[in-house]
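Reader: I would like a close look at one part of this model, the place where the two chains meet. Please go through it in order and say how far the prediction can be read there.

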Amino acid sequence: MKIRFKRSILVLSFLGLATFVEAQAIGGLSNAMTIALATVVLLILLVAITLVGDTFLRVEAREIGADESKANYSIFPRLSEIFGTRRASHLLGKNVVDLKKGHDILLEGAAEKVIDTNFAAKTFAVRPRDFVGMSPIPKVVVEKGDEVKAGDVLFYDKKRPDIKYVAPVSGEIVDVTRAEKRAIDQVIILADKEQSYRAYNKPVLEELDRENLITFLMETGLWSFIRQRPFDVVADPGDNPKAIFVSTFDSAPLAPDMNFALKGREADFQMGLNVLGRLTDGKVHLGIDGRAKSNPAAIFTEATGVHKTWFNGPHPSGNVGIQIHHTDPINKGDVVWHMNPQDVAILGRLFNEGIFKPERVVAITGAELKQPRYVRVPMGASVENMLKDNIKGEDKIRVVSGDVLTGRQIGEKDYLGFFDDQLTVLFENDNYAMFGWLSPFAIVPSVSNTFPGAVLKEMEYRAETNTHGEHRALVVTGQYESVLPMDVYPQHLIKAILVNDFERMEGLGIYELAPEDVALCEFACTSKTEVQKILREGLETMREQG
Amino acid sequence: MSKLLDFIKKFEPPKEKKFLHTLYDGFFTFAYAPNHVTKSGVHIRDGMDLKRTMFLVVQALALCYIFGIYNIGHQHYAALGMYEGNFFTGAGAKFIYGALQILPIFIVAHVVGLGIEFFYAAKKGHSIEEGFLVSGALIPLIMPPDIPLWMLGLAVAFAVIIGKEAFGGTGMNVLNIALLARVFVFFAYPGEISGDFCWVAYDYNWLHKLFGFEGATMAALGIEALPEGMTFAKYVLANTPDAWTGATPLALAAKEGWAGVQANYSNFEMFWGAIPGSIGETCKPFILIGALMLIVLGIGSWRIMLSMLVGAILTGMLMNWIGDFHAFMAVPWQYQLYMGSFFFAMAFMATDPVTAASTPMGKLIYGFMIGMVGMIIRVLNPAYPEGWMLAILFMNVFAPLIDYYVLQANISKRLKRVKSA
């Protein structure tokens with residue numbers, strides 16, 4: 001709203017300038033008068049039309065009961081929105097980073113804050129390909145029919161044999177499936193009713209030095225939760241990261257609410273942070289939700305031993321990459337590690353209770369669901385129960401492990417990804433739309449100002465998978481920059497990747513980016529370019545180059 | 001709805017017939033947004049695509065078209081001394097004359113341009129790209145109203161083949177296609193696009209004759225037949241009313257300064273556009289409405305428009321301050337803005353995203369330089385009375401260089417961070 005407001009002032013001042021210029025024309029006073037009058041009449045007409053339209057909007061909002069949310073349905077900003085403090089009271093005096101660029105895609109089907117045990121899963125799978133950079137055929141140490149406990153080793157990468165990938169639950173290995181070229185696809189476990197856990201000597205953090213701590217984490221499988229930037233891969237235990245980042249909120253569409261997910265896990269979360277603190281000589285950074293509407297829980301704001309920064313702005317403000325860029329940017333040769341907040345609690349539990357119990361609160365979301373709710377399951381859970389009797393209509397659907405921007409499409413009987421704490425179900429819209437590109441009233445989410453959503457900011461959309469157009473060469477400029485709150489030129493970086501110009505990729509900051517950071521650029525792209533895929537290819541090239 | 005779709009689908013030519021299939025695909029995707037779904041990466045996509053972007057620019061030009069059509073007729077009858085009341089006297093005749101004059105121009109520009117696009121799309125085996133939608137809408141607006149059609153066709157062909165397809169198609173061109181077509185006419189056939197007699201349509205084309213316009217005019221002027229060997233245009237030029245001139249304000253300013261302009265055109269006329277000129281560039285308020293639309297919708301870059309305005313104003317002021325080495329320099333800067341096609345160039349030509357600078361900072365520099373260079377060409381160069389076309393093409397060539405330095409600044413900032421860390 002604010003940007004558009006400024007723009008219209010800009011152009012009105014063009015008109016005003018022209019009028020002024022005209023009025024300067026001495027000798028034709030009547031001319032000047034006519035121009036001035038015509039401009040005034042034009043302005044009055046415009047204002048009148050806008051006012052009438054605005055009134056209709058608000059009346060309509062009242063009629064359908066939409067204004068109960070007290071959201072601003074008028075075209076004009078409220079006085080409080082112009083003059084009011086932009087920063088919420090709980091942020092005063094805090095270390096806040098304001099991010100202006102970005103875009104929140106509001107979708108229907110946010111999860112209700114209820115933990116529904118009906119959605120709990122019976123089978124679980126660990127998928128080697130979830131770990132970027134792992135060789136396609138890792139060494140699988142279990143066989144079909146084996147009994148495992150939660151925390152027992154399932155497989156490891158032959159290139160880095162110390163990092164173990166372990167079972168999320170105890171039970172029987174029902175299958176080890178393979179994909180193309182004999183690559184391991186998934187190791188599937190049927191969970192026991194009574195869970196049993198692999199026994200350790202309960203570690204005491206204070207007694208372990210850094211080396212033993214790392215060995216312990218690698219052996220227990222916790223290491224696989226720690227990822228590194230650049231390249232967004234599982235961290236290398238040989239590195240000494242300059243900092244470790246934890247983003248405590250997810251700003252992606254329909255993302256789970258971490259305040260809700262980590263309720264009651266204060267001790268585990270704090271313990272997890274303490275462990276991370278031992279892994280780096282630098283700081284552990286906590287990125288906290290600073291968006292005006294939300295009020296983050298004490299578990300984050302009261303955490304100790306960490307450096308806290310509040311981030312205020314639209315998506316991707318919750319992405320760890322954006323937060324790193326604004327607190328301690330990655331330079332060439334730097335390594336930072338990061339971890340998801342729920343995984344920090346899993347790490348904490350290992351030290352508090354001495355068991356590997358990788359439970360996450362997963363948001364089951366999407367407009368196609370009858371009951372979008374939360375469920376508490378270990379990682380890699382089967383989505384079968386989550387979708388059973390839960391699909392609303394007859395329309396074709398797509399099931400996505402993760403959010404609609406970065407998630408991976410899975411089948412209706414598949415498993416959640418290793419790092420995912422969200423399931424999204426959306427409408428597979430493979431229909432033709434007559435003059436689809438033309439309609440000014442199409443209800444489609446958009447970064448541009450050419451749809452009704454440009455005015456109706458609070459409107460929620462039914463997510464659907466149509467591309468809304470064909471792939472084209474890059475034409476429009478400035479679009480990627482407007483949704484990426486970083487000092488990076490993403491479009492030029494993408495072009496540098498396409499021509500394999502290493503020096504330029506490095507110079508333009510490829511180390512600071514992960515595919516999830518440019519997901520919004522990909523969404524917004526008028527030319528429908530596959531930005532995330534290109535960036536991933538670029539990152540892989542850089543990684544191979546060393 | 002789906003029956004119609006099935007019906008249309010029946011006509012789909014086989015893929016082996018490349019040209020036909022491309023043609024069908026072009027029109028089909030025009031009628032129906034395709035049923036493609038996202039494959040990798042994001043699962044939902046923005047509703048914006050290139051067709052929509054391009055079409056909205058064409059819409060922003062609509063008012064310029066309406067006024068341009070009317071003004072062709074107005075200037076025509078003014079040259080003949082007919083309908084001498086005010087601007088709206090004889091509105092019907094003026095409008096229809098203009099419409100019939102612009103129609104062949106519009107059709108030729110599109111048939112030639114789109115034809116070449118279709119041919120290359122089929123040859124390269126990709127779908128038809130929408131770039132020419134805007135170029136095709138812009139080209140008629142920046143041509144003189146009586147441009148010979150063969151010349152127009154040649155110019156469009158040159159611009160599309162040499163300017164665009166040789167570089168790889170839509171999104172790859174270095175120079176603005178519409179301006180390239182104009183500059184082709186400008187340098188290849190200077191007689192058709194410079195001087196005082198090209199900015200008004202005098203003659204009647206076969207469409208006019210079909211509807212009896214020529215006969216009606218001859219009856220009104222009281223002549224039975226044209227003298228032997230004389231075209232209507234020559235006859236009209238030999239018999240224009242005394243007070244009438246076909247010269248543009250800029251041509252007058254170059255010769256006689258601001259006083260010369262004032263003698264022929266009022267500010268009112270220049271602002272609202274009832275003056276001779278290229279078809280679509282004369283009406284400033286309608287252009288500004290188009291510019292407003294582009295800015296509000298976020299399609300045209302406000303950075304380029306603003307900095308170009310600032311560049312032109314500052315250069316104009318500087319020239320005023322230096323003084324009058326010749327009459328044009330002394331024309332007050334505020335009049336410079338709407339004497340010629342400044343606003344049209346600013347709103348629709350400089351903002352072409354493919355040929356402009358692509359970084360936010362680069363856009364500011366790019367626009368400012370166009371404003372400056374354009375004013376210099378317009379005022380200080382004795383040969384060309386208007387500067388924006390050449391200035392924009394000149395800066396098109398420099399846009400990658402500007403971007404290079406903006407990016408280099410970003411790169412060295414990153415390098416400095418490594419060193420200081």
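Author: What follows describes the contact between the chains, then the confidence scores. The model is predicted, with an ipTM of 0.88 and a pTM of 0.85.

Chain A puts 78 residues into the contact, and chain B puts in 63 residues. On the side of chain A that touches chain B, the elements giving two or more residues include helix 1 (2–24) and helix 2 (29–63) of chain A. The largest share comes from helix 1 of chain A, with eleven residues. By residue type, this side of chain A holds 34 nonpolar, 28 polar and 16 charged residues.

Strand 21 of chain A also pairs across the contact. Its partner is strand 1 of chain B, residues 32–33. The two strands run antiparallel and are joined by two bridges. In one of these pairings, Ala433(A) has Ala33(B) as its bridge partner.

As for confidence, the mean pLDDT of chain B is 87, and 99% of its residues score at least 70. Among the elements of chain B, helix 7 (residues 149–164) has the highest mean pLDDT, 94. The lowest mean, 76, belongs to helix 12 (residues 232–238) of chain B. Where pLDDT is low, the predicted coordinates should not be read in detail.

Methods. Residues are numbered from 1 along each chain as its sequence is written. Chains are lettered from A and ligands numbered from 1 in the order in which they are written. This is a predicted model: local features need pLDDT of at least 70, side-chain atom pairs count only at pLDDT 80 or more; totals for chains, interfaces and linings use all residues. Two residues are in contact if their C-beta atoms, placed from the backbone, lie within 7 Å. Helices (H or I, at least four residues) and strands (E, at least two) are DSSP runs, numbered from the N terminus. Ala, Val, Leu, Ile, Met, Phe, Trp, Tyr, Cys and Pro count as nonpolar, Asp, Glu, Lys and Arg as charged, and the others, Gly among them, as polar. Two strands pair if DSSP finds at least two bridges between them. pLDDT is the predictor's confidence in each residue, from 0 to 100.
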